Amino acid sequence: MLQTESTQPAWQHCGDITLVSKNESVRVETKSTILLEAHVGMNVDNLKQEINDFFDYTNLLSTLKEYYNAYQQYFESQQEQTDSVRVEMLMDDLDRCKQQDRLLIMQSIAYIVLGSFCSGDALKHETKFIEAMVANSSAAHKAGVIERLFKHLFDYTRELPKDDEHHTLIDTCLTVLYISLITCDHGNPSLIDNDVPALLIKLTAESTPFPKKKLLLLLHKTLIVHLGQDAKSVKAHLRQLYGLPPVNNKGYSLKSRPKDMYDFYDEIKDKYTSYVSPQLDMAETNDPSDTTMDFPFHTLFQPNMPAPSTPKAAPTKGGELSTLEYKREIEKQQSSTPFALGTPNAIKEAGQLYASCMYVSISEHQITQAKLGQSTTVEHPVLNKIDQLYSAVVSDLPNLVNMLLQQLVIVAPVPQAPTLTDWNDTLNEHEHADSVRNREIIRSTVSSILLLLLKWFKTCHVMKFEYLSQLLVDSGYLMLSTRAFMIDDLKTIYHVRTDGESYSFFAQLPHMDFSVDGAFLSSACSTSSSLSLSYSWDPPTSPSIESVGTLINERNRSWVLETLNILQMLTKGKSVRSKLLAQYKAWIPLKRIAKNYKDSIEELYALKLLKNQVQFLGLAWRSDNMKTISSISRRCPIGLRDEWLSQCDDGPLKPEATMRWLVNAYHKQYQTDTHVDNTQLAKDINHLFKQPLKRLEKLQVAEPAAELDGWNAPSQIIYTNAPRKRNMNHDHSEDMDTDDEEECAGKEEEDPLSNIDWGTLTEDELEARLNLVDEQTVPRWMSSDINDTSDWKVLNALEDENPPVYDEEGWL
C-alpha cells in the first residue's frame with residue numbers, strides 16, 4: 001500500500017493491545033472500525049453503500065482488471081519502488097505525458113486509490129479493503145492528487161476528438177476523484193480548491209456525453225465537502241448579526257409574522273383611528289411589476305383541468321343584492337366607519353398578542369432590506385464560499401436546472417410499463433438490475449443537489465434562493481415531481497429490494513485477486529469489455545416486499561423526502577404555486593404519503609403541502625377529506641393569522657410579481673443569462689404528465705397488526721371489484737379518506753352500463769355495476785383533456801347554471 005512500513009496513519013493507532021483470543025480480535029476490529037469512521041466522517045456501512053452505488057454492475061470485473069493490468073504494465077521493471085514513490089511518479093508523468101499514455105497512467109492511479117487490492121491482505125475482509133483505500137487516498141491527497149486531477153479533468157473535457165478512449169479516460173478520472181473524496185478526511189478545509197465546485201457545476205450544465213451518474217455523484221460529494229450540510233450555526237450567526245432574537249425551539253408556540261401584524265393594522269386603522277400599532281419592520285414598495293402578465297409556468301405547463309372553484313352567490317332578480325352580498329357590503333361599511341368611543345380593549349390585546357408572538361425570519365429581514373435598498377455586509381467563512389460560488393455559476397444556473405430536470409425526465413418510468421423489472425430474464429440479469437438501480441441513484445442524487453443548493457443559497461441570501469426557485473418552477477419542476485409521485489407505488493417504494501447483492505462491488509472481493517494468473521494483458525488500456533472472466537455470481541433473487549416496518553431502500557426514501565422538502569421550499573408562502581399544485585392534483589400522492597407513513601417526517605411535509613392547497617380545492621373536497629384536515633391541524637404548526645381553511649378562487653399575483661421584480665433588481669450586479677431554450681424540456685414534461693396512468697401491480701405486503709385507537713386506526717384496502725355492502729356500524733369518514741387508488745387507475749374494463757338484460761337483472765348485479773361506474777368516473781376525469789369537447793359535461797359536472805346560495809359561514 002501507499003503507506004511506508006515505518007509509519008502508520010493516526011486512525012490506525014489502536015493502543016498496546018495483544019491479540020490473545022478470538023474475542024479480543026473482534027474487539028480490536030470493532031475499535032479500528034470506530035476510529036476509521038471518525039477519520040472518514042461517516043458510517044462504514046454508508047461508505048460501502050456509496051462505493052457500491054458508484055460502480056455499475058456491467059463490466060465491473062473487467063474494469064478492475066484493466067486497472068490492475070495497467071499498473072503492472074507501467075511498473076513492470078520497477079519492482080523495488082514503494083507505492084508512495086510510485087504515486088508521485090505517476091502524477092509527474094501525467095503532467096508531461098503524451099496523449100496515448102494518459103489512460104495507462106490514470107488507470108494505474110485508480111488501482112492505487114482503490115487500495116492496491118491485489119497486494120497485501122486487502123481482499124481478506126471488507127474492513128481491510130476500506131482501510132487500504134483510506135490509507136492510500138490520504139497519502140495521495142498529501143501528494144496533491146486531488147487538486148491536480150481536478151485540473152486535468154477540466155482540461156480533458158474540452159479536448160477533441162471525444163472517442164471511446166477519451167470517454168474511458170474521463171470515466172477513470174471521475175472514479176479516482178470520487179473514491180479520493182469519500183475516503184479522505186472531510187474536516188480538512190484544504191481538501192479541494194474554492195473554484196472546483198463552480199467548475200464542476202459548469203461541466204454538469206453542459207450537454208456532454210460523459211457518464212452522468214458518476215459526474216452527478218462527484219458534484220454532490222464535492223458540494224458536501226466544500227460547504228458542509230449543517231447550516232444551523234451559520235443561521236445563528238446571521239440572526240445575531242442582524243439583531244434578531246435567537247430561535248426558541250423549546251416546545252410548540254404560536255407565531256405571528258410581520259405581515260400578519262401589518263394586515264391586522266390595515267384592517268382596523270380606518271375604524272379605530274386612535275389605535276397606535278407597534279413599530280413594524282415592514283417595508284412596502286411601489287414596484288413597477290406587472291401583475292397581469294402570464295408567468296412562464298402558466299404558459300408552458302398548463303394542467304389538464306382547472307381546480308374546483310368556490311361556489312358564489314347567484315344574483316337575484318331585479319338587480320338586487322343577494323343576502324350574502326348584502327351582508328358583506330354592510331360589514332365593509334361598518335369596518336370603515338370610525339369608532340367614536342376609542343379603541344376597545346380586545347383590539348389592544350390582539351395587537352399585544354401579535355407583538356408578543358412576533359417571529360422574524362432571516363429571509364423576511366433580508367426581503368425588507370431589499371425593498372428599502374439596504375444591505376448588510378456579512379463575514380463568515382462558509383457564506384464567503386457560497387457567495388463566491390454563486391457569483392461564478394449564476395449565469396450557468398438556467399442550464400444546470402435544465403440538465404438536472406432532463407435527467408429526472410429520462411429516469412422517470414413510463415406509466416404503461418411495469419414499475420418492477422422482469423427479474424426472470426436470465427440473459428441480461430445484471431443489465432436489468434443496473435437499469436433499476438441507476439434510475440434510483442440518479443433521481444436521488446439530483447434531488448440532493450437541488451436541495452443542497454436551495455438551502456445554502458437561502459442561508460446566504462434569500463434573493464439567491466428565490467432566483468433558483470423561480471428557475472425550477474418556470475422549468476416545470478412542480479409538474480414533474482407531482483407526476484413522478486403518481487407513477488410510483490408510494491406504499492411499497494421503501495420496501496422494494498432493487499440492489500443485486502451478488503453484483504455489488506464488495507461482493508466481487510473473492511474474484512478480484514488478478515495476480516493469481518501471473519500475467520497481464522498487453523491491451524489493458526483498451527476499452528473493450530470482451531475479457532473472458534469466470535463469473536461465479538449467484539442469480540439475483542426476485543424483488544421482495546418485506547414488512548411495512550422494515551426500511552430496505554434508503555435511496556427511495558431519500559428521494560421522496562428530499563422532493564417533499566423541495567416542494568415545500570418552493571411553495572411556502574407562494575399561493576400562486578400552491579394553486580398550481582392543486583391543479584396538478586398533487587393532493588392525490590400527498591394523501592398516500594400521509595396515510596402510509598404515519599408520524600414520520602414524510603407525513604409532516606406532505607401535510608404541510610396539503611395545508612397550502614386546501615383553500616384551492618373547494619368545499620366538496622374538504623367535506624370528503626375531514627380526516628386529512630384533522631391530521632393537518634394535529635401535526636402542522638398553525639399561525640395566529642393562518643387562514644388556510646378559507647376558500648380562495650385565485651391566488652394573488654402581486655406577491656409573485658413583486659418577488660420577481662426584487663430578484664431582478666438584486667441580480668443587476670450579476671451577469672445572468674435567463675434566455676435559455678427549455679422548449680424541449682417543457683414538451684417532454686407535458687408529454688409525461690398527459691400519459692394515462694395504469695393501475696400499479698399489487699404486491700403482497702405483510703402488514704403488522706395494529707391496535708384500533710380511534711384516529712390512527714388503519715383502514716382495510718380492498719382490491720377486488722366485488723360489490724361493497726354498507727355496514728351501518730362502520731365509520732364512513734374512514735372511507736372518505738382512503739388511498740384514492742381508483743383516482744389514478746385507468747382500468748381497461750368493459751362498460752358496466754352496456755349489455756344490460758333488464759329482464760334478468762338482479763339487485764346484486766345492479767349494485768356491482770354501479771360500483772364499477774363509481775370506480776371508473778374519477779379516473780376518467782383525470783385522463784380527460786380540457787380541450788376535448790366530448791368531456792366538457794364531465795368536467796363541469798359540479799358547476800350548475802343556478803348554483804346554490806351560501807352565507808358567509810358556508811350554509812345554504
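**Lys 213 and Asp 56.** I looked up this pair in the predicted model and found a salt bridge, with the closest N and O atoms 2.6 Å apart. Lys 213 belongs to helix α10 (residues 212–227), and Asp 56 sits in the loop between α2 and α3 (60–74); the two are 157 residues apart, so I recorded a link between distant parts of the chain. I then checked burial. Lys 213 has a relative accessible area of 9%, under the 20% limit, and is therefore buried. Asp 56, at 30%, is partly exposed.

**Asp 53 and Arg 555.** I next examined the salt bridge between Asp 53 and Arg 555, whose closest N and O atoms are 2.9 Å apart. Asp 53 is in helix α2 (residues 44–54) and Arg 555 in helix α22 (residues 554–571), so the bridge ties together parts 502 residues apart in sequence. I noted both residues as buried. My search of the whole structure gave 29 salt bridges.

**Lys 574 and Glu 466.** I found a salt bridge between these side chains at 3.2 Å, N to O. Lys 574 lies in the loop between α22 and α23 (575–583) and Glu 466 in helix α20, 108 residues apart. Both are buried.

**Helices α20 and α28.** I followed Glu 466 into the packing of α20 on α28, where its partners in α20 include Met 463 and Tyr 467, and the α28 side includes Arg 660 and Leu 662. I logged the crossing as left-handed.

Note on methods
Residues are numbered from 1 along each chain as its sequence is written. This is a predicted model: local features need pLDDT of at least 70, side-chain atom pairs count only at pLDDT 80 or more; totals for chains, interfaces and linings use all residues. Side-chain values use heavy atoms; hydrogens and water are left out. A crossing is left-handed if the near helix is turned anticlockwise from the far one by less than a right angle, and right-handed if clockwise. Helices (H or I, at least four residues) and strands (E, at least two) are DSSP runs, numbered from the N terminus. Contact means heavy atoms within 4.5 Å. A salt bridge is a side-chain nitrogen of Lys or Arg within 4 Å of a carboxyl oxygen of Asp or Glu. Buried means under 20% relative accessible area, exposed over 50%, partly exposed in between (1.4 Å probe, protein chains only).
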